[in-house]
Amino acid sequence: MRSISLKQASEALSQAENALSVQRAIAAAARDAGREAIAAGDRAEWMLITTQATVATSRMNKVEGLRVARTTSRDAALTEFLESRVKTEQIEQLVDAMRQQAEAAEMRRTQAEADDRYLARMRWRMVRDVR
């Protein structure tokens, strides 16, 4: 269950990081195109590209906030997952220790029964030999 939450949080973070990369690429392309427009002396094209760069920067800021929130969410899911794994391992160790104790008790009981049969046979032989 916790691994599913971790996978979902990681996927959401990956999507936010991809969106951020796309917006960074758009902003970088707009800056390059703006330089070319200035060099060509095309003021209208430069203004359009400047607007596109501003929009891309605005989207980057929004996506960055989303990425931070999703990183926090993923970190919380990772912490829960790791705590769950530790608890599971502790329970497995406890169950294993209890199983080993039960096996040891069974071995002692079996040995005690064998010892009792041996002593009973020895006493019977001693009584038989005395008669």
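Arg 35 counts as exposed because its relative accessibility is 52%, where exposed means over 50% relative accessible area, buried under 20% and partly exposed in between (1.4 Å probe, protein chains only). Its partner in a salt bridge is Asp 32, with the closest N and O atoms 2.7 Å apart; a salt bridge here is a side-chain nitrogen of Lys or Arg within 4 Å of a carboxyl oxygen of Asp or Glu. Asp 32 is partly exposed, at a relative accessible area of 40%.

## Basis of the values

This is a predicted model, in which local features need pLDDT of at least 70 and side-chain atom pairs count only at pLDDT 80 or more, while totals for chains, interfaces and linings use all residues. Residues are numbered from 1 along each chain as its sequence is written, and side-chain values use heavy atoms, with hydrogens and water left out.

## Burial along helix 1

Helices are DSSP runs (H or I, at least four residues), numbered from the N terminus. Among the buried residues of helix 1 are Leu 6, Leu 13, Leu 20 and Gln 23, and the buried residues of this helix pack against helix 2 (43-130). After helix 1 comes Gly 41, which has a positive phi, near 80 degrees.

In helix 2, Glu 64 and Arg 67 lie three residues apart, about one turn of the helix, and their side chains form a salt bridge with an N to O distance of 2.6 Å. Asp 96, Arg 99 and Glu 103 are linked in a network of salt bridges.

Technical notes. Helices (H or I, at least four residues) and strands (E, at least two) are DSSP runs, numbered from the N terminus. Contact means heavy atoms within 4.5 Å.
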